[in-house]
Amino acid sequence: MELKQYWLIVKRRLLLIALIVAVSCLSIGIYSNYFITPQYEASAKLIVNQYKDSGSLLPSIDLGSINSTIGLIKTYKEIIKTPRMMKIVVKEYPDLGVTYGELIGKVSVSSVNETQVMSISVQDDSYAKAANIANAVAVVFQKTIPSLMKVDNVSVLDKADPQEKHSPVAPNSKMNIAVAFMLALMLGVGIAFLLDYLDDTIKTEEDIENVLGMPVLTSIPKFTARDIDQIHKDPLTPTVGRDVNVSLDT
């Protein structure tokens, strides 16, 4: 099938495709803006050192120690989200009003590659509550690590401010609508080709040749109202009859 034939199939079902895309984008836009609860994200940052000296966050610069500390961060990231750690947070901060299972679902831990900084991020429908949870997890982890790992090398670098105003991080309406547009467009085009494949009616001269195996000798063009108006404006000029002068050469 040539590219032109593909376009003709899409063109015949263009209204159907446009309708599918419009309904899908409108539905996703309404759902994202009115039916999904906005989510806010707050973060608290920790810094992990090889050891602490005189209350300094960065007591010394040792590349070997830094590399080993970066490897240790992977262990800390797993420890933070364990039920044991979250149960301590729930016990020490009952005012948060969450269970340890809910904390595990809300908290995410990340670190920038080749750095000693860890970020504890929390998503909630209230930014103030998300900030309080992130700060609580950071403080509890800092206090628990010395007894758990027998080393005091974690410090709170930065806490989230519950009083700050932030925009929600979810839902992303523009992204949702863009994804819905692409999926609906592909779905509409797919339905158009499916309907064309299932349609066995004869529409063109090529269809007649394929079905009957006989060449088409002639075809009657389809007249539109515009063609009829053009005929009335430009009537046919007679070429034979009394108005034609005929001369014979002898």
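In which loop is Lys-150 found? Select Lys-150 to begin: this residue is found in the loop between H6 and E4. Helices (H or I, at least four residues) and strands (E, at least two) are DSSP runs, numbered from the N terminus. The model is predicted, so local features need pLDDT of at least 70 and side-chain atom pairs count only at pLDDT 80 or more, while totals for chains, interfaces and linings use all residues. Residues are numbered from 1 along each chain as its sequence is written, and side-chain values use heavy atoms, with hydrogens and water left out.

At Lys-150, phi is near 60°, a positive value in a residue other than glycine. Lys-150 has a relative accessible area of 71% and is therefore exposed (exposed means over 50%, buried under 20%, and partly exposed in between, with a 1.4 Å probe and protein chains only).

Next, display the whole chain. Its secondary structure comprises nine helices and four strands, in the order α-α-β-α-α-α-β-β-α-β-α-α-α from the N terminus. Of the 250 residues, 24% count as buried. The accessible surface, computed by the Shrake-Rupley method with a 1.4 Å probe, comes to about 17,800 Å², and 59% of this belongs to carbon and sulfur atoms.

Now select helix H4 (residues 83–92) together with helix H6 (residues 127–149). Their axes, which are lines fitted to C-alpha atoms over the stretch in contact, come within 10 Å and cross at roughly 120°; angles run from 0 to 180 degrees between N-to-C directions. H4 and H6 are therefore oblique to each other (under 35 degrees counts as roughly parallel, over 145 as roughly antiparallel, 65 to 115 as roughly perpendicular and the rest as oblique). Contact means heavy atoms within 4.5 Å. On the H4 side, show Arg-84, Met-85, Ile-88, Val-89 and Glu-92; on the H6 side, residues including Ala-136, Val-140, Phe-141 and Leu-148 make the contact.

Move on to helix H1 (residues 3–12) and helix H7 (residues 173–198), which pack at an angle of about 100° with axes 9 Å apart. H1 is therefore roughly perpendicular to H7. Tyr-6, Ile-9, Val-10 and Arg-12 of H1 meet Ala-192, Phe-193 and Asp-196 of H7.

Finally, select Ala-170 and Pro-171, which are joined by a cis peptide bond with omega about 0°. Pro-171 is found in the loop between strand E4 (154–158) and H7.
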